[in-house]
Amino acid sequence: MQTNETLRTIAQRYSCRAYESKLPEKEILEAIALAAVQSPSGMNRQPWQINVITDKALIEEMDAEGMRMLAEGPDKSTYDRFMERGGTLYYNAPCMILICQQAGTEMDTGIVSQNIALAATALGLGSVICGMARIPLSGPKGEEFKQRVGISDGWEFGVAVLVGYAKTTGTPHEPDRTKIRFID
């Protein structure tokens, strides 16, 4: 079977966990944000807000607070896993694209995050879909962080996608073809 650019992009995408400090160009981030809002949604409600955060100091502050919360939490295994991966929650990414959602629209949010990750890959960037961005938003500084990252009243954290130039190349996961069933 012949493949096309979209299928190659899907096959090449991997979860990037090491970023250069260089911020991607504004035009690239705008293209990724546009890809996000071009996502399909149930009844075309588009129940999302896309907040492109490039304030490195804010990202680092949230990262430090999230790591502190993990270190003080009851389950040390997650903290240990992040320490083994370099000791940061957001892998030094220079950009966090935060998807805010309305309650009960998790499927739409998932579609948006995949559009962002695939657009980043297609444009030569690394990305990782990051649910851990929620950690500092739920802690003692949570309300302050929500305000600073632009989560408006009536909206909630959906998921974040970390984006930037990859520091190292990664390998996409090996697809498990045994998970595919054809029902004839």
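Biologist: Which residues of H1 meet which residues of H5?

Modeller: Thr9, Ile10 and Gln12 in H1 meet Leu118, Thr121 and Ala122 in H5, where contact means heavy atoms within 4.5 Å. Helices here are DSSP runs of H or I with at least four residues, strands are E runs of at least two, and both are numbered from the N terminus. Before going on: this is a predicted model, where local features need pLDDT of at least 70, side-chain atom pairs count only at pLDDT 80 or more, and totals for chains, interfaces and linings use all residues. Residues are numbered from 1 along each chain as its sequence is written, and side-chain values use heavy atoms, leaving out hydrogens and water.

Biologist: How many salt bridges are there?

Modeller: Side chains of opposite charge can pair when their charged atoms come close. The rule asks for a side-chain nitrogen of Lys or Arg within 4 Å of a carboxyl oxygen of Asp or Glu, and the count comes to eleven salt bridges. One of them joins glutamate 61 and lysine 141 at 2.8 Å, N to O. Glutamate 61 sits in helix H3 and lysine 141 in the loop between H6 and H7, so the pair ties together parts 80 residues apart in sequence.

Biologist: What about glutamate 144 and arginine 148?

Modeller: They form a salt bridge too, with the closest N and O atoms 3.0 Å apart. Both lie in helix H7, four residues apart, about one turn of the helix. Salt bridges that share partners join Glu61, Lys141, Glu144 and Arg148 into one network.
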